[in-house]
Amino acid sequence: MPRGGKKNHKGRGKQFSNPEEIDRQMKAQREMEANEGAERGSSSESEEESSSDDEQPKRKGVEGLIEIENPNRVSQKNKKVVEVDVDAPKELSRREREEIEKQKAKERYMKLHLEGKTDQAKADLARLAIIKKQREDAAKKREDLRKEKEAEEAKSKR
């Protein structure tokens, strides 16, 4: 045995199932499934009648063995399709409500901004007017310089 007490599993012989054993197990499994299917089919009618009378959910684990009375536990009740009201207004969560309000506020602001009624829009329009005036002045200067050059060239050619 190697040090540390750990065993090495390498090199051990492998154990294989023979085909007859596999066939026998598969037949037994099919028979079990067929028996369960037959029992379900015959008792399904009686289960439908009894399930409509008492509405207790299937218990998991040890819940079926131990009775628990927890006043804080809320059991989920399944609603039937007939009971569900599709036309009823859906109550929005706080986050959804705030998100919708935020979108509406943004749309209102953009509308006012396009109309030029917000402070930012007024500042933008004033800045654009100044730039437009500067460009007009620059274009006028260039035009005047071009005309002066043409006049000088015309004088020099005579």
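**Helices, salt bridges and a buried threonine**

Helices are DSSP runs of H or I of at least four residues, strands are runs of E of at least two, and both are numbered from the N terminus.

The model is a predicted one, with local features needing a pLDDT of at least 70 and side-chain atom pairs counted only at pLDDT 80 or more, while totals for chains, interfaces and linings use all residues. Residues are numbered from 1 along each chain as its sequence is written, and side-chain values use heavy atoms, with hydrogens and water left out.

As for the overall picture, the protein has three helices and zero strands, giving an α-α-α order from the N terminus on. Mean pLDDT (the predictor's confidence in each residue, from 0 to 100) is 82, and 86% of the residues score at least 70. Residues 49–53 are another story: their pLDDT is below 50, and beyond near neighbours in sequence the stretch has zero contacts in the model (contact meaning heavy atoms within 4.5 Å). Of the 158 residues, 2% count as buried, where buried means under 20% relative accessible area, exposed over 50%, and partly exposed in between (1.4 Å probe, protein chains only). The accessible surface comes to about 17000 Å², and 50% of that belongs to carbon and sulfur atoms. These areas come from the Shrake-Rupley method with a 1.4 Å probe, and for residues only the protein chains shown count as cover.

Next comes the link after helix 2. Gly 116 follows this helix and has a positive phi, near 85°. Thr 118 sits in the loop between helix 2 (94–115) and helix 3 (119–157), and with 9% relative accessibility Thr 118 counts as buried. Leaving aside residues up to four places away in sequence, Thr 118 touches Tyr 109, Leu 112 and His 113. With His 113 there is also a side-chain to side-chain polar contact, at 3.3 Å.

The whole structure holds six salt bridges, each defined as a side-chain nitrogen of Lys or Arg within 4 Å of a carboxyl oxygen of Asp or Glu. In helix 2, Glu 98 and Arg 94 pair up at 3.3 Å, N to O; the two are four residues apart, about one turn of the helix. Glu 98 is partly exposed, at 42%. An α-helix has 3.6 residues a turn, so residues three or four places apart point the same way.

Asp 124 is partly exposed at 23%, as is Arg 127 at 46%. Further along, Glu 150 and Arg 146 form a salt bridge at 2.8 Å, again within helix 3 and four residues apart. Glu 150 is partly exposed at 44%, and Arg 146 likewise at 40%. Shared partners join Glu 143, Arg 146 and Glu 150 into one salt-bridge network.

Methods
Polar contact = N/O pair within 3.5 Å; in protein donor to acceptor, adjacent residues only side chain to side chain.
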